[in-house]
Amino acid sequence: MDLNIIWFVLIAVLYIGFFLLEGFDFGVGILLPFLGKDDKTRRMMINTIGPHWDGNEVWLLTAGGATFAAFPHWYATMFSAFYLALFLLLLTLIARGVAFEFRSKDAHPRWRAVWDWCIFVGSLVPPLLLGVAFANMMRGMPIDATMTYTGGFFNLLNPYALVTGLMAVALCVLHGAIFLSLKTTGALQEASRKTAWRAWPAAIALVILAIIGTYLSTEIVSHLGINPGIEPIAGFVTLLVAGYFIRKKLDTWAFVMTGLTIALTVVTAFMILFPQVMVSSTDPAYSLTIYNAASSPYTLRVMTIVALIFVPIVLGYQIWSFWVFRERITEESVLEY
Amino acid sequence: MDVMTLARLQFAVTTVYHFFFVPLTLGLSIIVALMQTLYVRTNREVYKDMTKFWGKLFVINFAMGVVTGIVQEFQFGMNWSEYSRFVGDIFGAPLAIEALLAFFLESTFLGLWIFGWDKLSKRVHLLSIWLVAIASNLSALWILIANSFMQQPVGYVINNGRAEMTDFFAVVFNPNIWTQFPHVIASGLTTAAFFILGISAYHLLRRPQDNAVFQRSFQIAAIVGLLGTVGVVMSGHSQMQHLVTSQPMKVAAAEALWQTEDPAGLSLLTIGNLQGQEVFSIRIPSLLSLLALDQLQGTVRGINDLQAEFEQNFGPGDYTPPVFITYWSFRAMVGAGILMLVANVYALLLVMGEQLGDKPKFLRFFIWLIPLPYIANTTGWFLTEFGRYPWIVYGLMKLENAVSISVSSGMVILSLVGFTLIYGVLMVATIYLMLKYGRQSGQPEPIEAPVGAPAVSLIGD
C-alpha cells in the first residue's frame with residue numbers, strides 16, 4: 001500500500017473519530033432546547049459532554065491539518081471552494097465553544113438563554129454544513145485544470161447535498177439522544193430514550209433519501225457497483241438494529257449501533273471518492289486525486305511516522321478520559337458548566 | 001479594496017485577536033500549575049484557593065484562545081489557497097503535528113482538570129494542569145516552526161512549482177525558531193505575570209491585611225514576571241541580531257534607517273517623508289551597530305540599498321515594508337518592554353520589603369499596567385509580519401501570488417465583517433466575566449450540591 005492510500009485512510013479515520021465523538025455532542029446541543037425544560041436540566045445535559053466536547057472537536061482540526069500536510073491541493077481547493085460555508089461553520093463553532101464555557105458563569109436568565117441559543121445553533125449548523133460539503137465533493141463541483149473552484153455558493157445548495165446535510169443532523173440527534181440516555185438517570189433519561197425512539201424513523205427516512213441521492217448523483221455504481229458491498233450495507237443494517245435496542249432500553253448497544261452507522265457512513269463516502277478526493281464536474285480529468293493533490297513522498301513518510309506514534313497515544317488518553325467520567329450525571333452531581 | 005488587501009486585513013484582525021488570548025494561556029497555565037504544585041506539596045488551603053481563583057480566569061481566557069484558533073487553521077486554505085498549494089508540503093506538517101501533539105493533549109486534559117477535582121487523585125489532577133501547560137507551549141512551538149519557514153525558508157527545494165520538504169529536522173530546527181520561540185514563551189510569562197500583578201494589586205488595595213491569596217499571588221507573579229521580562233529583553237535582542245543577517249530589511253524598517261551607515265546610530269525619534277528622506281532624526285551614535293553586531297563599528301544596511309539589491313535579484317517592484325508601522329511598532333514594543341522591566345523590579349522590591357500589606361503608593365499602577373504586555377505582544381507581531389513585506393514566504397513568494405483565486409472580495413468583506421462583529425461581542429462578554437471573577441474575593445464559594453453517589457456506569461446496564 002503506498003503512502004498516499006495510507007493518508008487517505010488516515011484522514012477518513014480522523015473524520016470517523018470526529019463524527020463519532022462530536023456527533024453525539026452536536027446531538028446533545030441540538031436537543032438542548034427540546035429536552036432541557038428548565039435550567040437545571042439544561043445544565044445536566046451540557047455537563048454530560050462538558051469534559052469531552054473540546055477534545056472531540058480537535059478531531060476536525062486534526063483532519064484539517066492532516067489534509068493540509070498530506071494533500072495540500074485538496075486542502076487549498078476545498079477550503080477556498082467552501083469559503084462561505086466554512087465561514088458559517090467557524091462562526092457557529094466559535095459561538096458554541098464559548099457558550100459552553102460562559103453560560104453558567106452568570107446566573108442572569110437572559111445571559112444563559114443567549115448562550116443556550118448559541119449552543120443550539122452551533123450544534124445544528126456544523127453537521128448540516130459538513131454533510132453538504134461531503135455530498136458536493138462526491139457529487140462533483142466545477143473545478144478547472146488548475147484545481148480552482150469556478151462555481152459559486154449556490155452551486156453547493158443542490159438537493160442531494162441538502163438531503164445529506166439533513167441526514168448528518170438526524171444521525172447526530174439520534175446518536176446524541178442515545179448518549180444522553182446512557183449518561184443520565186430518571187426523567188431526563190426517559191425523555192432522552194423517547195426522543196431517540198422518535199428520531200430513529202426520521203433518521204432512517206433521511207438515510208434512505210441520501211442513499212437514493214447517492215445512486216443518482218455520485219459515482220457509486222462505477223466505483224462500488226449496484227451492490228455496494230459490506231460496509232455501506234452494514235451501515236444501514238446497524239441503523240435498523242439500533243431501533244431494537246432503543247426499544248429494549250439497551251442504551252449501550254444502541255449507542256454502539258449508531259456509532260457503527262456513523263463510522264460506516266463516513267467509510268462509504270470515502271470509498272465512493274477513492275482514489276479521488278474532490279470530483280470535478282467540469283472534466284473528470286481535472287478531479288483532485290490522492291496522487292495529484294498529494295505532498296511529496298518525503299513529507300508523507302515523515303507524517304506517517306508522526307501519525308503512527310501519536311494517534312495511538314491520543315486514542316489512549318481520550319478513552320481514559322471517557323473512563324474517568326463514566327458516571328452518570330444526576331440531580332445531585334456537581335455541575336461545573 | 002482588492003481581495004488581497006481584504007484578506008490581509010482579515011488575517012490581521014483575526015490573528016491579533018487570537019493573540020490577545022494566547023500569551024495569557026501560555027503563561028497563566030504554567031503559573032496555575034505552579035500554584036497547584038505548591039498546594040499538593042504543602043497541602044495549604046491558600047494555594048488551593050489561588051489555583052481555583054486564577055484557574056477560573058484561565059479557563060475563560062483559554063476558551064477564547066481555542067475558538068479563535070480554529071479560524072487560523074482554516075484561514076490559510078480559505079483566503080490563501082495559492083500559498084497553501086505552494087508551501088503545503090512543508091507548512092502543513094507542523095500544523096498537523098500541532099493538532100496531533102498539542103491540541104488533543106491540552107483539550108482533553110483541560111477537560112480532566114476542570115471536571116476532575118473530585119474524580120482524580122490529587123497527583124493525577126496536578127499532572128493534568130501541567131500537561132495543559134506543556135501542551136499549550138508545545139502548540140506555540142509548532143506554530144512558530146511553521147511561521148519560521150515564512151521568515152526564513154530552510155530544508156526545502158523548489159520542485160513541481162512548489163516548495164517541497166527535503167529535511168524535516170532542518171525545518172524543525174530553523175535558526176529563526178531559537179530566538180522566536182523563547183521570545184514568545186517569555187512574553188507569555190510576562191503577560192500572565194502582569195495580569196496577576198494587576199488583579200492582585202486591586203485586591204491588596206481593597207483589603208491590605210489578611211489577604212494571603214493575593215499576597216502570595218503577587219509574590220509569585222513578581223518572580224515569574226522577572227524571568228519573563230528579562231527573558232523577553234534577552235531573546236528580543238538576539239532576535240534582532242539574527243534578523244540583521246536573515247532579514248536585514250526588517251531591521252532597517254524597524255529603525256527607519258534609509259541609508260546604510262557605518263557605524264549606525266540608534267534612532268530615538270525619526271520623522272521621515274517615507275520616500276527615503278529623513279526630515280528630522282535624533283540618533284545615538286554607534287548604538288545600533290553595537291546592538292546589532294556587538295561592536296561599535298560595523299555596517300547596518302539601509303532601506304534604499306536593500307531595495308536596490310532586491311530589485312536586482314527579484315526584478316522591479318516595491319520591497320520596502322510600511323516603515324511607519326514597523327518603526328512605531330518597534331518603539332511601542334520596546335517601550336512597553338522597558339516599562340514592564342522597571343515595574344517588575346519595583347514589584348520585587350515591594351515583595352522583598354514586605355510592603356504589600358501597607359497599601360504602597362504605586363501599587364495601584366499595576367492595575368493600569370495590565371494592557372502593557374498586550375500592546376507589546378501586538379506590536380511585536382506587527383513588526384514581524386509587516387516587516388516581511390512584500391513576502392509571504394521570505395524571498396520565495398510574494399503576498400500578491402498567495403491569495404485564493406476563487407474567492408471574491410465580496411465574500412471576504414462578508415467574512416471580515418462577520419468575524420469582526422462576533423469578535424467584538426465576545427470581547428465584551430469576556431471582559432465582563434473577567435471583571436466579575438477578577439473582583440471576587442478569592443475565598444472558596446460554598447459548595448452548591450453534594451457529590452452524587454456513583455450511579456450506574458456506561459457499561460453493563
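## A buried residue of chain B

B:Ala99 is buried because 27 other C-beta atoms lie within 10 Å, where buried denotes 20 or more other C-beta atoms within 10 Å of a residue's own, with C-beta atoms placed from the backbone. This is a predicted model, in which local features need pLDDT of at least 70 and side-chain atom pairs count only at pLDDT 80 or more, while totals for chains, interfaces and linings use all residues. Residues are numbered from 1 along each chain as its sequence is written, and chains are lettered from A and ligands numbered from 1 in the order in which they are written.

B:Ala99 belongs to helix H3 of chain B, helices being DSSP runs (H or I) of at least four residues and strands (E) of at least two, numbered from the N terminus. Leaving aside neighbours within four places in sequence, B:Ala99 is in contact (C-beta atoms, placed from the backbone, within 7 Å) with A:Val58, A:Leu61, A:Thr62 and A:Gly65.

## Contact between the chains

The contact takes 65 residues from chain A and 66 residues from chain B. On the side of chain B that touches chain A, the elements giving two or more residues are helix H2 (45-79), H3, strand E2 (162-165) and helix H14 (409-438), and H3(B) gives the most, with 23 residues.

Key
Buried ≥ 20, exposed ≤ 12 C-beta atoms within 10 Å, placed from the backbone. Contact = placed C-beta atoms within 7 Å.
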